[in-house]
Each structure stands twice: as structure tokens, then as C-alpha cells.
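Here are some notes for a first reading of this model. They are set out as numbered points, to be read with the structure in view.

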Amino acid sequence: MKEKLNRFMYGRYGNDNLNRVLMWSAVLCALLSIFIFPEFFTFLAYVLLISSIYRCMSRRHEDRYRENQAFLRLKGRVLSRFTGNKSYAGGQYNSGSQGSWYTTKDKTKKIFKCPNCRQKVRVPKGKGTIMITCPKCHTEFKKRT
């Protein structure tokens with residue numbers, strides 16, 4: 001049975017952070033529909049559930065990935081506003097396997113943006129003033145690390 005499910009899901013997007021939030025929101029709406037506004041919350045639960053299943057079964061990986069990244073950026077902004085922790089803001093929130101390629105908690109690296117193309121460049125800390133070459137546009141700029 002597990003093999004059949006794996007074959008069915010081959011090439012499909014699968015589960016991510018946004019899908020989990022949609023599923024839990026659907027469960028919450030279903031529970032709320034028991035107590036208040038049953039028509040509205042039942043309808044909302046179905047809409048959330050259907051959108052979560054659609055995203056999970058989709059074969060358009062780029063679109064679903066882009067949606068998830070936008071959700072993670074929004075989540076990071078909200079978390080940074082309430083917690084005061086700036087490591088969530090600006091897309092630097094490391095969310096596991098689908099997160100960014102660096103963490104802000106790394107004390108051995110410093111991140112600069114290229115003045116020409118705005119590409120993020122990671123360089124070692126504590127090296128003094130160095131010349132940094134952008135890997136994208138090959139612009140050289142001087143920064144203190």
C-alpha cells in the first residue's frame with residue numbers, strides 16, 4: 001500500500017509549511033462551526049481543506065514553492081514584530097529543508113549585498129577590510145568584516 005501511495009505522489013508537490021497551516025486552519029474552522037456561525041465556518045473549512053489538497057497534489061512545483069516562500073516571509077515579518085527578534089525578518093528565517101541557505105545565527109560569516117545587483121554575498125567575519133567580488137555580476141567592492 002505504501003508503494004502505491006509513493007507511486008501516486010511521484011511528481012506531485014507534497015506537504016509544506018503553508019499546507020500544514022491550511023490544514024490546521026480547516027480543523028479549527030470545523031470546530032468553530034459547531035459553536036458559532038455553522039454555515040460560514042463549515043464553508044470556510046471546506047475551502048481551506050480543498051485548497052490544501054490542491055496544493056499537495058499539484059505538479060506545478062515552482063508556483064507552490066513561490067507561494068510557500070511568500071508565506072514564510074509573511075510569517076517571519078509577523079514573528080519579528082511580536083517577538084522583537086530580527087532574525088526572522090527580511091527572508092532570513094531558516095525554516096528547515098525549504099528555508100534559506102544561510103542562518104543569521106552563524107557567528108563566523110557576515111552577509112553583504114552587492115551595490116550593483118543586490119545579490120547577497122556571504123564572507124568570513126574578522127578578516128578586516130577586504131575586497132569582495134560579487135559572484136553574479138563580478139563587481140568588486142570593499143567592506144569591513
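**Notes on the helices, the cores and the surface**

1. Helix α3 has 20 residues, and at 1.5 Å a residue these should span 28 Å. The C-alpha atoms at its ends are 28 Å apart, which agrees with that expectation. The model is a predicted one, and this value, like the others below, should be read with that in mind.

2. Which residues of α3 are buried? They are F41, A45, L48, S52 and R55. Around the axis they cover an arc of only 100 degrees, so they sit on the same side of α3. The other side of the helix has E39, F43, Y46 and I50, which are exposed.

3. For the overall layout, the protein has four helices and four strands. Along the sequence they follow the pattern α-α-α-α-β-β-β-β. The protein has 145 residues, and 26% of them count as buried.

4. The largest nonpolar core consists of nine residues: L18, L22, A26, C29, F41, A45, L48, F71 and L72. Helices α2, α3 and α4 (61-83) are the elements that each give two or more residues to this core. The largest share is that of α2, with four residues. Another core, of seven residues, lies apart from it; F112, C114, I132 and F141 are among its members.

5. The surface carries a nonpolar patch formed by L5, F8, M23, Y46, L49, I50, I53 and M57. Together these residues have about 750 Å² of accessible area. The elements that supply two or more residues to the patch are α1 (2-9) and α3 (38-57). Which element gives the most to the patch? It is α3, with five residues.

6. Is M23 buried, partly exposed or exposed? Its relative accessible area is 37%, so M23 counts as partly exposed. The range for that class runs between the 20% limit for buried residues and the 50% limit for exposed ones.

Terms used:
Residues are numbered from 1 along each chain as its sequence is written. This is a predicted model: local features need pLDDT of at least 70, side-chain atom pairs count only at pLDDT 80 or more; totals for chains, interfaces and linings use all residues. Side-chain values use heavy atoms; hydrogens and water are left out. Patches are made of residues with over 30% relative accessible area and no salt bridge: like charges are joined within 9 Å, nonpolar side chains (Val, Leu, Ile, Met, Phe, Trp, Tyr) within 5 Å. Accessible areas come from the Shrake-Rupley method with a 1.4 Å probe; for residues, only the protein chains shown count as cover. A salt bridge is a side-chain nitrogen of Lys or Arg within 4 Å of a carboxyl oxygen of Asp or Glu. Buried means under 20% relative accessible area, exposed over 50%, partly exposed in between (1.4 Å probe, protein chains only). A nonpolar core is a set of buried Ala, Val, Leu, Ile, Met, Phe, Trp, Tyr and Cys residues joined through side-chain atoms within 4.5 Å. The expected span of a helix is 1.5 Å times one less than its number of residues. The arc is that of the directions from the helix axis to the C-beta atoms.
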